[in-house]
Amino acid sequence: MNETKLLIRKKGEDGTKTFSIRIKQDTVDRIDELARKTERSRNELIGMLLDFGLDHCETE
């Protein structure tokens, strides 16, 4: 019989890292409005926006 097991990792071991940042209140307001409109969490949107920005930035 093939046993399927549920792997439960300790919190924080899911490939994510928790840290704090400082951003302008206007930026927070814009993210919160986007979160309200899309029914996504602030955290989820920030991750998406960071990934997009990193994928589309250039350096000189």
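Predicted model: local features only at pLDDT ≥ 70, side-chain atom pairs only at ≥ 80, totals over all residues.

Student: Let's start with the pocket. What volume does the largest pocket have?

Tutor: The volume of the largest pocket comes to about 420 Å³.

Student: And how many residues line the largest pocket, and which lie nearest its centre?

Tutor: The lining is made up of 12 residues, and those nearest the centre are Lys17, Thr18, Phe19, Asn43 and Ile46.

Student: How do the lining residues divide into nonpolar, polar and charged?

Tutor: There are 4 nonpolar, 5 polar and 3 charged residues in the lining of the largest pocket.

Student: How does anyone find empty space like that in general?

Tutor: A probe the size of a water molecule is rolled over the atoms, and this shows where empty space is left.

Student: Back to Phe19. Where is its place in the chain?

Tutor: Phe19 sits in the segment before helix 1, and that helix covers 25-38.

Student: Is Phe19 buried or exposed?

Tutor: Phe19 is exposed, because its relative accessible area is 60% and the cut-off for exposed is over 50%.

Student: Which residues make the nonpolar surface patch?

Tutor: Phe19, Ile21 and Ile23 make it, and the patch has an area of about 330 Å².

Student: Tell me about Ile21, then. Where is Ile21 found?

Tutor: Ile21 also belongs to the segment before helix 1. With a relative accessibility of 54%, Ile21 counts as exposed.

Student: How far apart are Ile21 and Ile8 in space?

Tutor: Their C-alpha atoms are 29 Å apart, while in sequence Ile21 and Ile8 are 13 residues apart.

Student: And what about Ser20?

Tutor: Ser20 is in the segment before helix 1 as well. Ser20 counts as exposed, with 70% relative accessibility. From Ser20 to Thr4 there are 16 residues in sequence, and the two are 37 Å apart in space, C-alpha to C-alpha.

Student: New topic: how many salt bridges does the structure hold?

Tutor: The structure holds 4 salt bridges. One of them pairs Glu33 with Arg36, where the closest N and O atoms are 2.6 Å apart.

Student: Where do Glu33 and Arg36 lie?

Tutor: Both are in helix 1, and being 3 residues apart puts about one turn of the helix between them.

Student: Which salt bridge does Glu33 form with a lysine?

Tutor: Glu33 forms that one with Lys37, and there the closest N and O atoms are 4.0 Å apart. Glu33 and Lys37 are 4 residues apart in helix 1, so about one helical turn separates them.

Student: Okay, what meets in a salt bridge with Arg40?

Tutor: The side chain of Glu44 does, with an N to O distance of 2.6 Å. Arg40 is partly exposed at 38% relative accessible area, and Glu44 counts as partly exposed at 34%.

Student: Which residues do salt bridges that share partners join into one network?

Tutor: Glu33, Arg36 and Lys37 are joined into one network that way.

Student: Where is Glu39 found?

Tutor: Glu39 is in the loop between helix 1 and helix 2, the latter being 42-55. At 75% relative accessibility, Glu39 counts as exposed.

Student: One more, please: what can you say about Leu34?

Tutor: Leu34 is part of helix 1. Its relative accessible area is 33%, so Leu34 is partly exposed. Along the chain Leu34 and Cys57 are 23 residues apart, and their C-alpha atoms are separated by 22 Å.

Terms used
Residues numbered from 1 in each chain as written. Heavy atoms only, no water. 1 Å grid on protein atoms, 1.4 Å probe; cavity = no way out; pocket = protein on both sides within 12 Å on 5 of 7 lines; lining within 4 Å. Points joined across faces, edges and corners; volume = space filled by probe spheres on them. Nonpolar A, V, L, I, M, F, W, Y, C, P; charged D, E, K, R; others polar. Patch = residues over 30% accessible without salt bridge, like charges linked within 9 Å, V, L, I, M, F, W, Y side chains within 5 Å. Areas by Shrake-Rupley, 256 points an atom, 1.4 Å probe, with all protein chains shown as cover. Helix = DSSP H or I, 4+ residues; strand = E, 2+ residues; numbered from the N terminus. Buried < 20%, exposed > 50% of the residue type's maximum accessible area, 1.4 Å probe, protein only.
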